[in-house]
Amino acid sequence: MTAGANTGGSVGMSTNKSKNIVVDVQSRFALAMEELQLDVHSSYLTALSGGADSSALALLTQQYANAVGKRHLAVIVDHGLREQSYAEARRVQDQMRSHGVTSNIISIDGPRPKSGLQEWARSRRYQVLMSVARDRQAAILFAHHAGDQAETIAMRLLKGSGIVGLAGIPPSRIQHGITISRPLLGWSHDQLLRVCCHFGYAFEDDPSNRDRQFERVRIRQLLAHLVQRGEGPSSDQLRRLGLISAKLCKVATNANERPIEEAVKWHSAGYATIVMKNLVNLPKFRFALLMRRLLISISGSRYAPSGASIDELRNRIDAGLSATIGGCHFSPVPLQKGGGRNDKKETPIYRLFRETGRHLSTMPI
């Protein structure tokens, strides 16, 4: 990898115009942190790869943390997938230190899978970040930006995703008690390049961002080609589609609060009891949204099952049958009547628990 260009960064910082730009950028970032309610946290953890996007995030977060008296640590995860990966991580760490940003390099040991290497790398990186964030009681910040959001929505659109999928990358969520946020979703890649330039930061250039074996790279090139030909959908249109889908999901989620309260009882042992008769009249979309929420809560998975799987689940529930889906098991609890079981159609209660022995994973604690 080679350092990215930052021509004019140090010179521009000496002018009043550039100083004003930096102030504006920092104010915009502070507003984004406030809108995502990240200002209530006392500690932040940024995922740092060394590229322009994550470098801009680390620099902006450090400036914000200094201004409001919060803690910040950048974490560089070295998977050891390339010969020079550790040397590159050290170079990024040194560069960040010169800009007042403290960072830790965490190397991933152990055998690599023969297939699904990218997914394995993402999963291990995610586990590392979650572990460090929990230890520091910090919110995790990722550097996904507006272009990433458009690409994600385009990929899901091509795969026939419904409204939930088309909502794209969520700006913020809580998983296992850890806040995970993306304060740069409203920023373009070019704007983040300018942030690095204004700070005089020489970021790393990752050649994998041009490798067409990755779906995201192919989608990025397709969108650029469509823009050149004027044939849409443009990135802005895709992001607007995401915003509309997210708003619809939010309205439906809020409407589901009462049915969940009436139908679901959460048990401290990690399972739930569901009175299904309180949910049978929900429209298809709201039922699917509610079930995905329950399944993710019980299974701990990062991803929800497909719409087709939810449809099959509803058919089995309507028939009073058990079902396995999304790493969970739905088991009917027949009511007792005269010492015997009721007919299946009179079975209004299900228990939902994590499926035993599936998708075992280990995580340092």
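## Close-up views of a predicted model

**View 1. Glu 151, Arg 216 and Arg 220 are joined in a network of salt bridges.** The model shown here and in the other views is predicted. Glu 151 counts as buried because its relative accessible area is 6%. Arg 216 is partly exposed, at 28% relative accessibility.

**View 2. Lys 159 and Glu 215 form a salt bridge.** Here the closest N and O atoms are 3.4 Å apart. Lys 159 is exposed, with a relative accessible area of 61%. Glu 215 is partly exposed, at 30%.

**View 3. Glu 257 meets Arg 293 in a salt bridge.** The N to O distance is 2.8 Å. Glu 257 is in helix α11 (residues 257–263), and Arg 293 is in helix α12. They are 36 residues apart in the chain. Glu 257 is partly exposed, with a relative accessible area of 35%. Arg 293 is also partly exposed, at 34%. The whole structure holds ten salt bridges.

**View 4. Helix α12 (residues 284–299) packs against helix α13 (residues 307–318).** Their axes are 10 Å apart and meet at an angle of about 95°. Angles of 65 to 115 degrees count as roughly perpendicular, so α12 is roughly perpendicular to α13. On the α12 side, the contact includes Phe 287, Met 291 and Leu 295. On the α13 side, it includes Ile 310, Leu 313 and Ile 317. The residues of this contact divide into seven nonpolar, one polar and four charged.

**View 5. The largest nonpolar core has 30 residues.** Phe 29, Leu 60, Leu 184 and Trp 187 have the most contacts inside this core. Helix α3 (52–68) is among the elements that give two or more residues. The largest share, seven residues, comes from α3. Take a look at Trp 187. Among the residues that Trp 187 touches are Val 25, Phe 29, Leu 60, His 145 and Leu 192. Another core, of 24 residues, lies apart from the largest one. Its members include Leu 279, Leu 282, Met 291 and Ile 325.

Definitions and conventions. Residues are numbered from 1 along each chain as its sequence is written. This is a predicted model: local features need pLDDT of at least 70, side-chain atom pairs count only at pLDDT 80 or more; totals for chains, interfaces and linings use all residues. Side-chain values use heavy atoms; hydrogens and water are left out. Axes are lines fitted to C-alpha atoms, for helices over the stretch in contact, and angles run from 0 to 180 degrees between N-to-C directions. Helices (H or I, at least four residues) and strands (E, at least two) are DSSP runs, numbered from the N terminus. Angles under 35 degrees count as roughly parallel, over 145 as roughly antiparallel, 65 to 115 as roughly perpendicular and the rest as oblique. Contact means heavy atoms within 4.5 Å. Ala, Val, Leu, Ile, Met, Phe, Trp, Tyr, Cys and Pro count as nonpolar, Asp, Glu, Lys and Arg as charged, and the others, Gly among them, as polar. A nonpolar core is a set of buried Ala, Val, Leu, Ile, Met, Phe, Trp, Tyr and Cys residues joined through side-chain atoms within 4.5 Å. Buried means under 20% relative accessible area, exposed over 50%, partly exposed in between (1.4 Å probe, protein chains only). A salt bridge is a side-chain nitrogen of Lys or Arg within 4 Å of a carboxyl oxygen of Asp or Glu. Lists of a residue's contacts leave out its neighbours within four places in sequence.
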